[in-house]
Amino acid sequence: MSQARVEAIHHIIRKCGHLTEYAVLALLLWRAVRRPVKNDPRPWVWPEAGLALAIVFLYAASDEFHQSFVLTRTAQVSDVFIDTAGGAAGLLALWAFGRWRKHW
């Protein structure tokens with residue numbers, strides 16, 4: 001396998017890791033914003049998810065800003081969008097799972 005291919009695979013794995021990490025962060029933030037109780041009967045509320053996603057975006061942006069001061073790291077706006085997309089994917093998966101569970 002060529003070095004270029006190894007680097008491409010490494011890059012994809014790193015970006016998938018970011019997507020997953022920020023999906024988990026979004027789920028935890030949604031839970032913190034919602035403050036659920038046992039057997040919570042409240043329906044899904046989009047503003048709660050929106051607030052969680054906004055916090056994910058701000059955290060991703062602050063992380064990239066921090067990386068601009070680290071000599072061995074690079075700060076990229078595209079990483080903020082990848083991280084935010086991971087957060088959005090996590091929240092959408094949670095919403096879809098909730099709807100699927102309701103119908104069963």
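Rings of Phe, Tyr and Trp (its six-membered ring) pair if their centres lie within 6.5 Å, with planes under 30 degrees apart counted as stacked, over 60 as edge-to-face and the rest as tilted. By this rule, six aromatic pairs are found. The model is predicted, so local features need pLDDT of at least 70 and side-chain atom pairs pLDDT 80 or more, while totals for chains, interfaces and linings use all residues. Residues are numbered from 1 along each chain as its sequence is written, and side-chain values use heavy atoms, without hydrogens and water.

Let us start with one of these pairs. Tryptophan 46 and tryptophan 95 have ring centres 5.6 Å apart and planes at 45°, so the pair is tilted. Since tryptophan 46 sits in helix α2 (residues 46-67) and tryptophan 95 in helix α3, the pair ties together parts 49 residues apart in sequence; helices here are DSSP runs (H or I, at least four residues) numbered from the N terminus. Tryptophan 46 is partly exposed at 46% relative accessibility, and tryptophan 95 is partly exposed at 30% (buried means under 20% relative accessible area, exposed over 50%, partly exposed in between, with a 1.4 Å probe and protein chains only). Ring pairs also join Trp46 and Trp95 with Trp30 and Trp44 in a cluster.

Now look at phenylalanine 65 and phenylalanine 69. Their ring centres lie 5.0 Å apart with planes at 85°, so this pair is edge-to-face. Phenylalanine 65 is exposed at 54% relative accessibility, and phenylalanine 69 is exposed at 61%.

Key. Helices (H or I, at least four residues) and strands (E, at least two) are DSSP runs, numbered from the N terminus.
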